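Please have the viewer open as you read.

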Amino acid sequence: MFDSPGFRTFSSPGRTELAGNHTDHNNGRVLAAAIQLQITACVKKTGDNIVHFCSPDFPDIEIKLTDNKGDFDLQIKNEEKGTTKALIRGIAAELHKRGCAIGGFSANTESGLLPGSGLSSSAAVETLIVRIFDSLYADGKLNAIQIAQISQIAENVYFGKPCGLMDQIACATGGAAAIDFVDPLNPVVKKIHFNPAEAGYSLCIVNTGGSHADLTADYASIPAEMKSVAAFFNKTVLREIDKETVLSQAVDIRKKLGDRALFRAIHFFDENVRVETMTSLLIEMENAASNADKQISFLNYLNLVNESGNSSCELLQNIFPPNNPKDQGISAALALTKDFLRKQNLQGACRVHGGGFAGAIQTYIPTDTLKAYRVCMDEIFGAGAVTELKIRSEGAIEIK
């Protein structure tokens, strides 16, 4: 079918967050990478304004982009909130607003992304849909940043989830990248060479089996509380102030906003600095004159991965749902990983992955002990809990 006349093939990767847990929505820095797990689509352009979007894991979707008069119908529809329909309509609306041509297509998709693993299947779907519209109707003129921004608007405004821009940029750009959102309309994206195998390590995701359902309010509380601290100083986001300023008013912030808001602000400032240092260490590793020097840089990098994980646990507080303390799969995976590394007398790292509260952790395990680590995790979380990640150089693309 993929070779049939009139059909075209598209692909968009998932992403892994390497550093910068919940910093992008406050104009912070992040370090992220596209991965080999992907969503693919076999697509055919149609002569109408109807989008057919089919997936083996979900009911087929049909969405008409025009009303009965033939005019585009791209307004927000409350009944579509939280659905793929909302993403498609929102993407079409933003493309139309920007003067891009849009129209109908039929897409049969297949996803290799692990559900609930924090690999950003939503951003992969969004960037895939933008790339399809763009290639079919606008000759592929949009760049990666534009694709990411259109995707984010659809998720924020139409889908109803207040996400940052990191996921979409990583999926649209490909490879590993350091991203600075100091100006969110013009984020600075710097490609970074990243290959843990060069230091003898495997980058993995451990899926704890937790569900992300009903966690939107928990995710939304993080940017809301961070921005409430910024608003305390008459600013919009935390990037506009510094840690010392916040700490100087800690007593009043605690009284007015509560302890958690203060802790989350401190996490933002510390994590922002960590991203910058971790980026420098990866550049240092790439330019190292010897394997020994590479190893030193990478082990210093791993120390900061662990610091990031500890900050998410203690300050950001996104390792289990606050309203369901019995569901602590992420906490269990982190504790078991640390225990495995300690018993084996190994240097490694682990941290919460993605939005948190449920889902997956990210680990760096010496490759020669990966088999034993799989056995350890599978006993607790089920067969296939551990997935090794590889960095994919391409972002959302049409395969030609």
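## A pair of packed helices

Let's begin with a crossing: helices H1 and H2 cross in the right-handed sense. The residues that make this contact are Leu-87, Ile-88, Ile-91, Ala-92 and Leu-95 on the H1 side, and Glu-126, Ile-129, Val-130 and Phe-133 on the H2 side. Do keep in mind that this is a predicted model.

Two packed helices are described by the angle between their axes and by the distance between those axes. Here H1 spans residues 84–97 and H2 spans residues 121–137. Their angle is about 45°, and the axes lie 10 Å apart. H1 and H2 are therefore oblique to each other.

## A four-stranded sheet

Next, look for the open sheet, in which four strands follow the order S9-S10-S8-S11 with antiparallel pairing. The edge positions belong to S9 (349–352) and S11 (386–388); each has a single partner strand, so one side of each is left without a neighbour in the sheet. On average, neighbouring strands in this sheet are turned by 25° against each other, ignoring direction.

Within the sheet, S8 (residues 201–207) and S10 (residues 360–366) form an antiparallel pair with seven bridges.

Which strands does helix H9 touch? H9 (residues 291–316) packs on the sheet and touches S8, S9 and S10. The direction of H9 makes about 35° with that of S9.

Helix H11, made of residues 370–381, lies across S8, S10 and S11. Relative to S11, helix H11 runs at about 145°.

## Cysteines

How many disulfides does the structure hold? The count is zero. A disulfide is a covalent bond between the sulfur atoms of two cysteines, and the cut-off used here is a sulfur pair within 2.5 Å.

Take Cys-42 as one example: the closest cysteine sulfur belongs to Cys-54 and is 11 Å away, so the two are too far apart for a bond. Cys-42 is also buried, with a relative accessible area of 1%. For Cys-313, the closest cysteine sulfur is in Cys-350, at 8.1 Å, which is again too far for a bond. Is Cys-313 buried or partly exposed? With 25% relative accessibility, Cys-313 counts as partly exposed.

Notes: Residues are numbered from 1 along each chain as its sequence is written. This is a predicted model: local features need pLDDT of at least 70, side-chain atom pairs count only at pLDDT 80 or more; totals for chains, interfaces and linings use all residues. Side-chain values use heavy atoms; hydrogens and water are left out. Two strands pair if DSSP finds at least two bridges between them. Helices (H or I, at least four residues) and strands (E, at least two) are DSSP runs, numbered from the N terminus. Axes are lines fitted to C-alpha atoms, for helices over the stretch in contact, and angles run from 0 to 180 degrees between N-to-C directions. Contact means heavy atoms within 4.5 Å. Buried means under 20% relative accessible area, exposed over 50%, partly exposed in between (1.4 Å probe, protein chains only). Angles under 35 degrees count as roughly parallel, over 145 as roughly antiparallel, 65 to 115 as roughly perpendicular and the rest as oblique. A crossing is left-handed if the near helix is turned anticlockwise from the far one by less than a right angle, and right-handed if clockwise.
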